[in-house]
Amino acid sequence: MMMMASPAGRAAGFGRGGHVRSASVPSQRHPLLTHVDDQLRALRSWTSDPGQNPLALAHVRALLCVLDELTPLMPLSSTSRLLDGFLALADAYGSFLAALLALRQHAADLRAAVRRRDPAKLASAARAQRRAAKELAGLATAVARCSPIHGAAVGFSSELEVARTVAEAVGDTAAASASVFHQVAFLADAAAATALAVSSSSSKKRNKLAAGEEMQKDVAAAAVAVARLQELEQCVGELESESEKVFRSLLHTRVSLLNIHTPTI
């Protein structure tokens, strides 16, 4: 967008070569925005290819830490929509933490049932774990929608750029969180399926009085199921700690935005 320069400005802008210096040069970009851009690129790269760390929330936490420093620069006109976005994310992580706690207990119950070779308890625990996995998948779908639409940001100013950047960060945080939630749901369902396969195999072999070799295979399969459940419990335990930190960061950022939206008189 071109701006009309004053006569004095036009005179000062002409050099010997007839070059006019535009009066519409935007103000210098805030350094924190560059830092946020770096964190956004890192988070998007991880979301597109998690590699060996599909349950990592380190990039989400790093982004939220920078956003916390950026929120005081937010324009008042943009805080309402972003407040809703951060509230939705905080609610999602609150539900995720509760689901992780329940899942860890289900995994422990299922592991105990596999070790005791109790078909009835094993089947019951496996069903409970698969229900938990289904709930986590539902949370993943819900959190993916926590992306505010910053429709009011027309034109250019440093404040509007901050608002657009924060809105993008909320959307990317939602996408990364959905990826983690889906991965936990997949691991939980897969571990339950492995345990159920052991139960079914054991029942058939008992009915036909399986030979020693078949029993050894059954024991080996049970050991695999126990190992997968132990791995799941460990992952869930570590993820609980990381998710708690993300949850607190989201609440803190939302409080900062709320203070801008409703300043103390």
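Trainee: Leaving aside its neighbours within four places in sequence, which residues is glutamine 129 in contact with?

Mentor: Some conventions come before the reply. The model is predicted, local features need pLDDT of at least 70, side-chain atom pairs count only at pLDDT 80 or more, and totals for chains, interfaces and linings use all residues. Residues are numbered from 1 along each chain as its sequence is written, and side-chain values use heavy atoms, with hydrogens and water left out. Contact means heavy atoms within 4.5 Å. Beyond its neighbours within four places in sequence, glutamine 129 is in contact with Leu103, His106, Ala107, Leu110, Ala188, Ala191, Ala192, Leu229 and Leu232.

Trainee: Where is glutamine 129 placed, and is glutamine 129 buried or exposed?

Mentor: Helices are DSSP runs of H or I with at least four residues, strands are runs of E with at least two, and both are numbered from the N terminus. Glutamine 129 has its place in helix α5. A residue is buried under 20% relative accessible area, exposed over 50% and partly exposed in between, with a 1.4 Å probe and protein chains only. Glutamine 129 is buried, because its relative accessible area is 0%. Alanine 126, also in helix α5, has a relative accessible area of 0% and is therefore buried.

Trainee: Which residues does alanine 126 touch, not counting those up to four places away in sequence?

Mentor: Alanine 126 touches Leu110, Ala192 and Leu196 on that count.

Trainee: How many helices and strands does the protein have?

Mentor: There are 7 helices and 0 strands. Of the 265 residues, 39% count as buried. Among contacts with a separation of 6 or more, 81% come from residues 24 or more positions apart.

Trainee: Which residues touch the most other members of the largest nonpolar core?

Mentor: In soluble globular proteins, nonpolar side chains tend to be buried together. A nonpolar core is a set of buried Ala, Val, Leu, Ile, Met, Phe, Trp, Tyr and Cys residues joined through side-chain atoms within 4.5 Å. Here the largest has 69 residues, and Leu67, Phe96, Leu110, Val114, Val180 and Val184 touch the most other members. The largest share of this core, 18 residues, comes from α6. Apart from neighbours within four places in sequence, valine 180 is in contact with Trp46, Pro54, Leu55, Ala56, Leu57, Phe96 and Leu239.

Trainee: Which residues line the second largest cavity?

Mentor: Rolling a probe the size of a water molecule over the atoms shows where empty space is left. On a 1 Å grid over the protein atoms alone, a cavity is a set of points where a 1.4 Å probe fits but cannot get out; a pocket is an open set with protein on both sides within 12 Å along at least five of seven lines, and lining residues have an atom within 4 Å of a point. Grid points are joined across faces, edges and corners, and a volume is the space filled by probe spheres set on the points. The second largest cavity holds about 30 Å³, and its lining consists of Leu55, Leu100, Val184, Leu187, Leu232, Cys235, Val236 and Leu239. Helix α7 gives the most to this lining, with 4 residues.

Trainee: What volume does the largest pocket have?

Mentor: The largest pocket has a volume of about 230 Å³. Helix α7 gives the most to the pocket lining, with 5 residues.
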